[in-house]
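Subject: Structure for you to look at

Hello,

Here is the structure I promised you. Please open it alongside this email and follow along.

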Amino acid sequence: MRKWALVLCLAALTLLTGCARNLDYIVANEPCVRGVVEEVGTETILIKVDEGEEAAASSDRISVSLNVENKDSVTHFYVGDHVAVYYDGKIAESYPAQISAVYAITLLSGGEERQAVEETG
């Protein structure tokens, strides 16, 4: 009986640690789309997809959920920010396209609005 309890505990621990993916793991292993923030909402951002990105073949703009799995992600954006969005690989075919399962968002470079806010500080 104790062996089964130990096995169950180890299995549960393995599952729980597997779900807690850090930012480095996400960046190295999950699909990504890059673009420039055009609009900032309370629950989404609208990005203009960078030329050359695979996603640009289906849509030039994507609405990205700010309900991000990894809490180390950037979630406060300004128009003009250049971002990388790591997601589950599914993009809803609409206009603009939509990404709802977001694992992480990283800031590649700040736009003019971010720079102005940081300068006035």
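Which residues does Glu30 touch, not counting residues up to four places away in sequence? The list is Arg21, Tyr25, Tyr86, Tyr87 and Tyr103. Keep in mind that this is a predicted model.

Where is Glu30? Find the loop between α2 (23-29) and β1. Glu30 sits in that loop. Is Glu30 buried or exposed? Its relative accessible area is 18%, and buried means under 20%, so Glu30 counts as buried. Its side chain also makes a polar contact with the side chain of Arg21, at 2.6 Å.

Now step back to the whole protein. It has 3 helices and 6 strands. Read from the N terminus, the order is α-α-β-β-β-β-β-β-α. Of the 121 residues, 32% are buried. The accessible surface comes to about 7,900 Å². Carbon and sulfur atoms account for 55% of that surface. Next, take the contacts between residues at least 6 apart in sequence: 59% of these join residues at least 24 apart.

Next, the strands. Start at β1, residues 32-40. A hairpin of 3 residues links β1 to β2. β2 covers residues 44-49, and the two strands run antiparallel with 5 bridges between them.

What about the interior? The largest nonpolar core has 19 residues. Those with the most contacts inside it are Val33, Ile47, Ile62, Val64, Val85, Ile99 and Ile105. β1, β2, β3, β4, β5 (97-99) and β6 (102-109) each supply at least two residues of this core.

Which residues is Val33 in contact with, leaving aside its neighbours within four places in sequence? They are Ile47, Val49, Glu53, Ala55, Ile62, Val83, Ala84, Val85, Tyr87 and Ile99.

One more stop: Asp81. It lies in the loop between β3 (61-65) and β4 (82-87). Is Asp81 buried or exposed? Its relative accessible area is 0%, so Asp81 is buried. Its side chain reaches the backbone nitrogen of Tyr78 at 2.9 Å.

What surrounds Asp81? Leaving aside neighbours within four places in sequence, Asp81 is in contact with Gly35, Val36, Val37, Leu107, Ser109, Gly110, Gly111 and Arg114. Asp81 and Gly110 are 29 residues apart along the chain. Their C-alpha atoms are separated by 4.5 Å.

Best wishes

Definitions and conventions. Residues numbered from 1 in each chain as written. Predicted model: local features only at pLDDT ≥ 70, side-chain atom pairs only at ≥ 80, totals over all residues. Heavy atoms only, no water. Helix = DSSP H or I, 4+ residues; strand = E, 2+ residues; numbered from the N terminus. Buried < 20%, exposed > 50% of the residue type's maximum accessible area, 1.4 Å probe, protein only. Polar contact = N/O pair within 3.5 Å; in protein donor to acceptor, adjacent residues only side chain to side chain. Contact = heavy atoms within 4.5 Å. Areas by Shrake-Rupley, 256 points an atom, 1.4 Å probe, with all protein chains shown as cover. Pairing = 2+ DSSP bridges. Core = buried A, V, L, I, M, F, W, Y, C linked by side-chain atoms within 4.5 Å.
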